[in-house]
Amino acid sequence: MMKRIRLFHVIVWLIILLAICLLSPLNLHGVLPSGTIIAPVTSLLAIATIPLLGMLNSALLIVASQLILLGFSQSDWLTVVVTALATLFSGWVVRWQQATSQELRHQQMITIGISSGLIILVLLELAYLIVGWRLTGSSNGMIEIARLALPTSLLTGLCYALLVPPLSILLLHLGKKLLPDSTNHDTSNDSVIIDMGNNQKKKDQDKQK
């Protein structure tokens, strides 16, 4: 069963990687005095995989996809850092929700989605503040750059908040359909809960014989 679970996770990982790269033209672009900015909307696909694949696998997924896009001039180093941090922070939110209930409910998924939207919004604005400071060297110029980028950041955060929950629910549902015996699989630490009841019954029967 563990081999089937790993194979399923690898297939999902590769499909999402391909989807992020192919759908990269859908990323939002904004024109600022510092140049064109990239708002990584498609990276929400990687965040949506966290409940299924776990935080580290999803973080590796986002870094790999952004490095590929970087090679094709469809991303930049600032976007790589922002998306990686957004995935890690969102992963901690998922673990926090899993601490109360291992099987995530719809309300918890909505919380994860809203949190990921706020996280990407804050990280993008911080990144644009840094860009503004490097470009202008003044606090006024820094704030102005961040203000101009705010509509793009807000729209990106809204996309994360709205799309991450249904995509996560879809992936988990798909996993349960294809791997019905893996419902006890803990994606946060890749451990498997093993039922020892049958083994104990067999030992008791052997002793009676």
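**Exercise 1. What percentage of the 209 residues of the chain count as buried?**

Solution. Begin with the conventions: this is a predicted model, in which local features need pLDDT of at least 70 and side-chain atom pairs count only at pLDDT 80 or more, whereas totals for chains, interfaces and linings use all residues. Residues are numbered from 1 along each chain as its sequence is written, and side-chain values use heavy atoms, with hydrogens and water left out. Next, take the classes of accessibility: buried means under 20% relative accessible area, exposed over 50%, and partly exposed in between, for a 1.4 Å probe and protein chains only. With these cut-offs, 43% of the 209 residues count as buried. The accessible surface of the chain, computed by the Shrake-Rupley method with a 1.4 Å probe, comes to about 11800 Å², and 67% of this area belongs to carbon and sulfur atoms.

**Exercise 2. State how many helices and strands the chain has, and where the confidence in them is lowest and highest.**

Solution. Helices (H or I, at least four residues) and strands (E, at least two) are taken as DSSP runs, numbered from the N terminus. On this basis the chain has eight helices and four strands, which follow one another from the N terminus as α-β-β-α-α-α-α-α-α-β-β-α.

**Exercise 3. Compare the annotated transmembrane regions with the secondary structure of the model.**

Solution. The unreviewed UniProt entry gives "transmembrane region" for residues 44-70, 77-97, 109-131 and 152-174; its positions are given in the numbering used here, feature names are shortened, and annotations may be inferred rather than shown by experiment. Two of these spans can then be examined in the model. Residues 77-97 are 100% helix and 0% strand, with end C-alpha atoms 30 Å apart. Residues 152-174 are likewise 100% helix and 0% strand, and their end C-alpha atoms are 32 Å apart.

**Exercise 4. Find the salt bridges of the structure and describe where their partners lie.**

Solution. Side chains of opposite charge can pair when their charged atoms come close. The criterion is a side-chain nitrogen of Lys or Arg within 4 Å of a carboxyl oxygen of Asp or Glu, and a search of the whole structure finds two such salt bridges. One of them joins the side chains of Glu103 and Lys176, at 2.6 Å from N to O. Since Glu103 lies in the loop between α5 (77-100) and α6 (106-136) and Lys176 in helix α7, this pair ties together parts that are 73 residues apart in sequence. Glu103 is exposed at 54% relative accessibility, while Lys176 is partly exposed at 38%. In another salt bridge, the closest N and O atoms of Glu144 and Arg147 are 2.5 Å apart; both residues lie in helix α7, three residues apart, about one turn of the helix.

**Exercise 5. Where is Ser73, and what is its phi?**

Solution. Ser73 is in the loop between α4 (55-71) and α5, where it counts as exposed at 63% relative accessibility. Most residues other than glycine have a negative phi. Ser73, although not a glycine, has a positive phi of about 60°.
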